[in-house]
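Subject: Structure for you to look at

Hello,

Here is the structure I said I would pass on.

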Amino acid sequence: MKHLKAINRKARRVEEFIASEFGDVHALQQGPPPQRPHFPLGCSLVFSPGWETDSAGGTAGLCQPVERDLYDCYITCFWPAQVPDHFNNYPDWTSKCASATKDWRNIDLVFP
Amino acid sequence: MSAYRQGEFHAFEGGGQNYLYLVPSAAIFALEDLSSAVLDLLQGRELTRDQIIGDLIARGYALANIEETLEELHQAHAIAFGEGFVEPRLEAPQQPFPLQTVVMNVTNQCNLSCSYCYEYGEDRIATPEGKTKFMSEETARSTADFLLNQSPGRRAVHLTFFGGETLLNFKVVKSTIEYARAKAAEMGKYIDFSMTTNATMLTSEIISFLAENNVGVTVSIDGPKEANDKFRVFHNGKGSYDVIAPKIKELVKVHRSRPIGARVTLTAQVVDVKKIFRHLTEEMGFDEVGFAPVTTSPVRLYAIGNNGLDHVLDQFTELAEEYLTYALENKHHGFSNVNDTLQELHQGVSKAYPCGAGLGLLGVAPSGDIGLCHRFVDSPAGKLGHIDTGIDRAVQAEHLNRAHINTKYDCHTCWARPVCSGGCYHEAYVRYGDTSHANLHYCDWIRGWTDVCLRIYGEIAARNPKYLERFDERKAI
């Protein structure tokens, strides 16, 4: 806090509580991120590394398979791609896809 | 349109710095220019966000800073918006609560006849007729066992010996200390001992025993001879000062393992706080002196009326300011009323109950009857069971329900409720016939004294913050 300074022990606990309640989303333009768990709030709510290419330009050494990108579009709205609505109309869209790296071809188009 | 207004707090100043004591959290925050300016704007009125921003921009503050300040003040509940906050109700602690302290009344007999005594005076509530006057060794051992067994999870517990006059049954005090210490060691616990005495029966042997066994000692004494002997007299009316003075001097000289405290009862006739303090520290050698206004019905001649309490507060304030000058130089000052309050303010305690009586603290009568605290032993009011049969959980639960701050509606608009929580059960019982009644007769006193201590706290925080580190550890162990 910048305009209130915690003086007694309870105030310090209040300050910690406020930081945990209100300080877990951090806009990237606010400067260096706080040293505690938080969401970096930039173009996306979620940081999901490894969906493009690795340092050698390939896709074999990524920390997550490229197919994971499809799920990020689907589950977390990571990227505004056209994927079926899994809440109401197509809850079983990925039911044949137990493992994205192996079964991604089983995910088919949908025809509303 | 929704507007901002001030939240619930007590604003105070210390060492040129503005502070907030937030209620009910008991958090203390220092304000800077802009946060002070926002709160000043909202003094006694409500303003919209645009009005606040417009006013402060005109005074040269940057928009981003104003918005940030509003957000911080709102998050800390220093300002409220729209419907405001629903403050969580203070929860009652889970039962059974582990014991921390037992006050053992080893006798209800006394060799003095202090007129104001709550045990024998005009406002007594005890009815010890037909019960044993001296605690037996067997009951004392059962009490020590009870304390050790009923304190699961606590590494250390505390046993206080009390009376009557405690030393009338010193034999039991001595044997209980030996027994309880061995028993605690067997159980892997630490037990700490203290006692209160009128000092009339202190001997060199007793003093040596207390020093060797690290027993904390508090002496009831009301000051210099003329003050002490007004009420603290033997059965024949003779004052006790000349008897106790040399014994106390020997006690404070020999017993150096613990600070020796004096406990002064203020009455309408004995209110010269500074003079009493000087005498007890400088001439008698006490390390700490604590003062408490007499507990009494208002009609007694020694009762301190409202004007008297104002006078006491003035003197407390002067002595507290002396404490402050000592604290700024990192020196010890024995005015324990300030020290105790600063401890609570530093921790930011917000009490569901005024004290631990009936919860972590119990009083035990010579007969083994359990009372809320030592002031309720041998009294039907506040009886909580017997040492042989344990705490009557139904009676205890009823007490805890009724005494909880949530039920004391009179307190809900008072900013001092985090430290007071309605005040002493015994005082309430004597005044209102109800242990759970808020002590409305001393609200102004509590608020006045808390404000004085907040200002002292604020000044220390501004000028010598390292001093406050001594209050980091909670007193309770």
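Predicted model: local features only at pLDDT ≥ 70, side-chain atom pairs only at ≥ 80, totals over all residues.

Helix α5(B)

Helix α5 of chain B runs over residues 170–186, which is 17 residues. From its first C-alpha to its last it reaches 24 Å, close to the 24 Å expected at 1.5 Å a residue.

Its buried residues are Phe170(B), Val172(B), Val173(B), Thr176(B), Ile177(B) and Ala180(B). Looking down the axis of α5(B), you will find these buried residues within an arc of 135°, so they line one face of the helix. They pack against four elements of chain B: α4 (137–149), β7 (156–162), β8 (190–197) and α6 (204–212).

The face of α5(B) turned away from the buried side has exposed residues, namely Glu178(B), Ala182(B), Ala185(B) and Glu186(B). Just after the helix, Gly188(B) has a positive phi of about 75°.

Helices α1(B) and α3(B)

In chain B, α1 (residues 33–41) packs with α3 (residues 63–75) at an angle of about 70°, and the two axes are 10 Å apart. Angles of 65 to 115 degrees count as roughly perpendicular, so α1(B) is roughly perpendicular to α3(B). The crossing of α1(B) past α3(B) is right-handed.

Which residues meet here, in α1(B) and in α3(B)? From α1(B) they are Leu34(B), Ser35(B) and Val38(B). On the α3(B) side they are Asn65(B), Ile66(B), Thr69(B), Leu70(B) and Leu73(B).

Regards

Technical notes. Residues numbered from 1 in each chain as written. Chains lettered and ligands numbered in written order. Helix = DSSP H or I, 4+ residues; strand = E, 2+ residues; numbered from the N terminus. Expected span 1.5 Å × (residues − 1). Buried ≥ 20, exposed ≤ 12 C-beta atoms within 10 Å, placed from the backbone. Arc of directions from axis to C-beta. Contact = placed C-beta atoms within 7 Å. Axes fitted to C-alpha atoms, helices over the stretch in contact; angles between N-to-C directions. Parallel < 35°, antiparallel > 145°, perpendicular 65-115°, else oblique. Left-handed = near helix turned anticlockwise from the far one by under 90°.
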